[in-house]
Amino acid sequence: MDPPDEERRFPDASRRTYFAEERTLLAWWRSGMAAAAVALGVGAILPRLGGVPKARFEALGVGYGLLALIFVIGGSVRERRSRRALAQNTFAELPGWEVVAITAYLSALVILTVVAL
């Protein structure tokens with residue numbers, strides 16, 4: 001019988017592993033920047049230029065802004081967990097509930113955006 005995930009040991013992390021972990025953090029941050037750009041476009045620029053209902057798109061902009069924060073803060077928290085796990089030669093699995101929550105939130109934003117258009 002295999003030990004639980006948090007008890008599994010892995011070989012010492014190489015520099016490549018640490019660099020990969022840093023690239024992952026940068027990917028979280030890039031996703032956050034992209035979501036912030038969408039928030040600005042949907043919440044501020046589109047209502048001014050497109051003649052669309054202002055309140056609806058401002059609310060969507062706030063939703064995308066919150067998504068940006070989730071990516072930036074969540075990525076930073078994830079990086080700390082991963083770095084700690086690497087130092088202990090273990091693996092910090094991304095909790096399934098976080099994946100489900102982000103997927104559901106992003107899916108809802110996409111659906112609301114399509115409906116709003």
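Predicted model: local features only at pLDDT ≥ 70, side-chain atom pairs only at ≥ 80, totals over all residues.
Local features require pLDDT of at least 70 and side-chain atom pairs pLDDT 80 or more, whereas totals for chains, interfaces and linings use all residues. Residues are numbered from 1 along each chain as its sequence is written, and side-chain values use heavy atoms, with hydrogens and water left out.

**View 1. Helix α3 spans residues 96-116.** Helices are DSSP runs of H or I with at least four residues, numbered from the N terminus. The 21 residues of α3 reach 30 Å from the first C-alpha to the last, close to the expected 30 Å; the expected span is 1.5 Å times one less than the number of residues.

**View 2. The buried and exposed residues of α3 are shown.** Glu-98, Leu-109, Thr-113 and Ala-116 are buried (under 20% relative accessible area; exposed is over 50% and partly exposed in between, with a 1.4 Å probe and protein chains only). Seen down the axis of α3, these buried residues fall within an arc of 70°, so they line one face of the helix; the arc is that of the directions from the helix axis to the C-beta atoms. The cover over the buried residues includes α2 (54-87), where contact means heavy atoms within 4.5 Å. The face turned away from the buried side of α3 carries the exposed residues Trp-97, Val-100, Ile-111, Val-114 and Val-115.

**View 3. A network of salt bridges links Glu-21, Glu-22, Glu-79 and Arg-83.** A salt bridge is a side-chain nitrogen of Lys or Arg within 4 Å of a carboxyl oxygen of Asp or Glu. In the pair of Glu-21 and Arg-83, the closest N and O atoms are 2.9 Å apart. Glu-21 belongs to helix α1 (residues 15-50) and Arg-83 to helix α2, so this pair ties together parts that are 62 residues apart in sequence. Glu-22 also forms a salt bridge with Arg-83, at 3.7 Å from N to O. Glu-22 lies in α1 and Arg-83 in α2, so parts 61 residues apart in sequence are tied together by this pair. Glu-21 is buried at 9% relative accessible area, while Glu-22 is partly exposed at 38% and Arg-83 is partly exposed at 31%.

View 4. Glu-58 is partly exposed at 35% relative accessibility, and Lys-54 is exposed, with a relative accessible area of 54%. The structure holds 5 salt bridges.

How values were computed. Helix = DSSP H or I, 4+ residues; strand = E, 2+ residues; numbered from the N terminus.
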